[in-house]
Amino acid sequence: MSILASGKAWTKLGLLLLVASVGACGLPRSGPSKSEIFSGSVQEEGDAFVVAVNDRVTRATAVVPSLGFGSNFKNANVVGSDTISPGDTLGLTIYENVDDGLLAGEGLNASVLDEVQVDGAGNIFIPYAGRIKAAGNSPERLRQIITEKLNAQTPDPQVVVRRLAGNGATVSVVGSVAAQGVFPIERPTRTLGAMLATAGGITISPEIAQVTVIRGTKRGKIWFQDLFDHPELDIALRGGDRILVEEDSRAYTILGATGAQSRVTFESQNLSAIEALAQVGGLQTNLADPKGVFVFRNEPAKIANAVLGRNDLVGDQRVAYVLDLTEPTGMFMARDFVIRDEDTLYVTEAPFVQWSKTLGAITGSLTAATSLNTAATGN
């Protein structure tokens, strides 16, 4: 056999091997195809339920995080503007109906006690009256208590009580506000909304802002917008409350034939599948299969049973919801289907894409074989 004939034979053999290789080996792609996902369903002895989205499914899965304050927050009364708290500073003037009184100096019938500090337990000490509970009382009520205590020591005492400072009743405001700090509870700032305004307001988008109030071992969280839509959530504050303003931390993952491959944070309280796609630029028109838009999630047993019409499932279930945007109601289904935290949104490639890749690979192989043949023959 001549060298030329041998070269042509090896070229043909190489071409056949390249075509066979393209047919046998997987081509690059963004993920599983629609048919591969269906083949992994429970119906095909897989480990995930594949469910087509319809009106019943959208209703059963429309679960949005429930935020709010418990009764211990909502039932608390507004702190009175003159209520004495631990840490407050008081000014006392005591008039005695004698020239030589218990507290007044010689020749005086009045004594002034400036800057009487209310201790951490809420008490003050008055000479001849002893230790008195001041916190929780108004200045008027404290005046009556002191008068009663001194009445046994000096005839007809007259007492004046002034609240000089209110640093004892304070709250801390931190997070995404214009001015973080510790603020006193005063007449204009006795509720949550007023206190946030005092801190300069929030510095993040109101649609995704969450406000948490921590009171001792209790805590409650609300959406910032709900604070104004529902007046009952503008709760009364208590000394020692901690207020945290932060951005919604929920996010979903987007993969496949879309404008992005990333983890995406929510931009609103409620996010639909169509909005989730829009956030990343929608489907890639030259790659995406609009019949193969999937949402993968671990669904709680209660919801999974409702979706599948069963009552025997226990524990979280792997569910792949599929949307067909080509159906007459497909866009409506995608608009009504609620995306939840940690969902994975995946768009499959259109069938012709793999054909195009296969043909491209074969064409490229043919070009390489032709070049090889030309090199071998010298033509």
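**Exercise 1. Leu323 and the cores**

Find which residues Leu323 is in contact with, leaving aside its neighbours within four places in sequence.

*Solution.* Step 1: contact means heavy atoms within 4.5 Å. Step 2: with neighbours within four places in sequence left aside, Leu323 is in contact with Val53, Ala273, Pro290, Lys291, Gly292, Val293, Met333 and Ala334.

Before going on, please note that this is a predicted model, in which local features need pLDDT of at least 70, side-chain atom pairs count only at pLDDT 80 or more, and totals for chains, interfaces and linings use all residues. Residues are numbered from 1 along each chain as its sequence is written, and side-chain values use heavy atoms, with hydrogens and water left out.

Step 1: now look at the core. A nonpolar core is a set of buried Ala, Val, Leu, Ile, Met, Phe, Trp, Tyr and Cys residues joined through side-chain atoms within 4.5 Å. Buried means under 20% relative accessible area, exposed over 50%, and partly exposed in between (1.4 Å probe, protein chains only). The largest nonpolar core has 31 residues, and Leu323 is listed with Tyr252, Tyr321, Phe337 and Ile339 as having the most contacts inside it.

Step 2: trace the elements. Helices (H or I, at least four residues) and strands (E, at least two) are DSSP runs, numbered from the N terminus. Among the elements that give two or more residues to this core are strand 12, helix 8 (273-279), strand 14 (288-299) and strand 15 (317-323). Apart from this core lies another, of 25 residues, including Phe69 and Phe183.

**Exercise 2. Strand 12 and its partners**

Work out in which sense strand 12 pairs with strand 13, and in which sense with strand 16.

*Solution.* Step 1: two strands pair if DSSP finds at least two bridges between them. Step 2: strand 12 pairs with strand 13 in the antiparallel sense, over four bridges. A hairpin of five residues joins these two strands. Step 3: with strand 16, strand 12 pairs in the parallel sense, again over four bridges.

**Exercise 3. Salt bridges around Arg297**

*Solution.* Step 1: a salt bridge is a side-chain nitrogen of Lys or Arg within 4 Å of a carboxyl oxygen of Asp or Glu. The structure holds 13 of them. Step 2: Arg297 forms one with Glu299, the closest N and O atoms being 3.3 Å apart. Step 3: Arg297 also meets Asp343 in a salt bridge (2.6 Å, N to O). Asp343 lies in the loop between helix 10 and strand 16 and Arg297 in strand 14, so this pair ties together parts that are 46 residues apart in sequence. Step 4: check burial. Asp343 has a relative accessible area of 2% and is buried; Arg297, at 7%, is buried too. Step 5: for another pair, see Asp312 and Arg310, whose side chains meet in a salt bridge (2.9 Å, N to O). Asp312 is partly exposed, at 47%, and Arg310 is partly exposed, at 36%.
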